[in-house]
Each structure stands twice: as C-alpha cells, then as structure tokens.
Amino acid sequence: MRTKGAIAAGAATVLLAGGAGSMAAFTGGGGIGGGGVGSGSLALTQSGTPNWKDQHGSIAITDFRAVPGDTVTYMGSFKITATGTNLRANLAVDGASITGDPALKAAMTTSVTATINGASLPSGAGGAVITPAQNGKIVDVKVMFTFQPTTPSAVAQTAQINLSNFNVTLKQV
C-alpha cells in the first residue's frame, strides 16, 4: 500500500510541476518623467503692398516690356512664422509659379535676397535661411528677374512670362 501511495504522491507532484510554466513572475516599472511633444509651424504672411521697379525706378509690371540686360525687381514684406526646436527653412521663389514662353523663362535668371531691419539674412543654395530666431519678424524680400544680356538676337522677342502669380516660398530643409 505504501508503494501505491508513493506512486500517487509522485504523480500528483508531476501534475503540479507541469503547470510551472504558467506561474506568475514578479514585474515592476516606474515613470520616466517624459512629457508631451508638440509640433512646430512654418508660414509666410504678406505684409503691406509689394512694388516693382527696373534699373531706372518704379514700373507698372503689366506694362513693362523687357529687353536683354533689363532687371525687373519685386519688393515685398512678409511676416514669418517659424517655430520648432530644430527648424531650418529656405525662403525662395517657386519657379513653377512663373508661367509663359519657355524661351523667355530660360533667358531670365532669378535671385532672392532677404533682410530683417536692414540686416541681410544668410543665404544657402536654396535661398535665404530662416530659423526660429526670425519667428514673428517682418522679412523684406527682393526678387530680381534679369533678362540675360547675352541672349542671342531674336530669342524670346515678343515673348511673355506671367509674374502676377509667382510665389515666394518658405520650405523646411
């Protein structure tokens, strides 16, 4: 009888040990002290009325007929919104927003300069560099469209490009 009892006790031990893999283990955790993360913003809002001039003074852009060597200059002001810890953006002209004759577009070069309170902003390959340091400030933008003086004789004569919808852009880099 003792043998039967020992076998029964051994079988019970085996059955109990079979469930050992499902036994709960100790766990613990603690707060990491983090917080919420918000996103930044980037925008340009036109401020005031822009104007146009050539190398001789103010012009009405809709009546101007450029010839090789002319430079037409747009001047406008924009309020900058630039928030974000590591934000860096380029202020430039969107070339796709200039429409018209391909020969005249190809003969025109565009350059952009930007100043805040008369101080020039640094420029990179993509345009004037904007950082959160300029947030809330007014930037004065000058865009020069130069009809290349080396344009061959009849190229782009009587052609037209449309500058009424060109865009000054601010793009994160």
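Me: How much space lies in the largest pocket?
Reply: About 430 Å³ in this predicted model.

Me: Nice. Which residues lie nearest its centre?
Reply: Ile61, Phe64, Arg65, Gln160 and Ile161 do, out of 17 residues that line the pocket.

Me: And how does the lining divide into nonpolar, polar and charged?
Reply: Eleven of the lining residues are nonpolar, five are polar and one is charged.

Me: OK, on to rings. How many aromatic pairs does a search of the whole structure find?
Reply: Five. In one of them, the ring centres of tryptophan 52 and phenylalanine 166 are 6.0 Å apart. Their planes stand at 70°, over the 60 degrees needed, so this pair counts as edge-to-face.

Me: Where do those two sit in the chain?
Reply: In distant parts, 114 residues apart. Tryptophan 52 belongs to strand β1 (residues 41–54), while phenylalanine 166 is in the loop between β11 (161–162) and β12.

Me: Are tryptophan 52 and phenylalanine 166 buried or exposed?
Reply: Both are buried.

Me: What about tyrosine 74 and phenylalanine 166, how are their rings placed?
Reply: Their centres are 5.1 Å apart and the planes are at 90°, so that pair is edge-to-face. Tyrosine 74 comes from strand β3 (residues 71–83), 92 residues away from phenylalanine 166.

Me: Which residues form the aromatic cluster?
Reply: Trp52, Tyr74, Phe145 and Phe166 form one cluster.

Me: Switching to strands. What is the order in the open sheet of four?
Reply: β8-β9-β4-β12, with antiparallel pairing. β8 (123–124) and β12 (167–172) each have a single partner strand, so one side of each is left without a neighbour in the sheet.

Me: How many bridges are there between β4 and β12?
Reply: Six, with β4 covering residues 89–94. Valine 93, for example, has valine 168 in β12 as its bridge partner.

Me: Last topic, β6. Which strands is it joined to?
Reply: Strand β10 (residues 138–147) is one of them, running antiparallel to β6 (residues 108–116) and joined to it by eight bridges. There, threonine 109 stands opposite threonine 146. Strand β7 (residues 119–120) is also antiparallel to β6, with two bridges between them. In that pairing, isoleucine 116 faces alanine 119.

Me: And what lies between the strands in the hairpin of β6 and β7?
Reply: Two residues, and asparagine 117 takes a positive phi near 50° in this hairpin.

How values were computed:
Residues are numbered from 1 along each chain as its sequence is written. This is a predicted model: local features need pLDDT of at least 70, side-chain atom pairs count only at pLDDT 80 or more; totals for chains, interfaces and linings use all residues. Side-chain values use heavy atoms; hydrogens and water are left out. Two strands pair if DSSP finds at least two bridges between them. On a 1 Å grid over the protein atoms alone, a cavity is a set of points where a 1.4 Å probe fits but cannot get out, and a pocket is an open set with protein on both sides within 12 Å along at least five of seven lines; lining residues have an atom within 4 Å of a point. Grid points are joined across faces, edges and corners, and a volume is the space filled by probe spheres set on the points. Ala, Val, Leu, Ile, Met, Phe, Trp, Tyr, Cys and Pro count as nonpolar, Asp, Glu, Lys and Arg as charged, and the others, Gly among them, as polar. Rings of Phe, Tyr and Trp (its six-membered ring) pair if their centres lie within 6.5 Å; planes under 30 degrees apart count as stacked, over 60 as edge-to-face and the rest as tilted. Buried means under 20% relative accessible area, exposed over 50%, partly exposed in between (1.4 Å probe, protein chains only).
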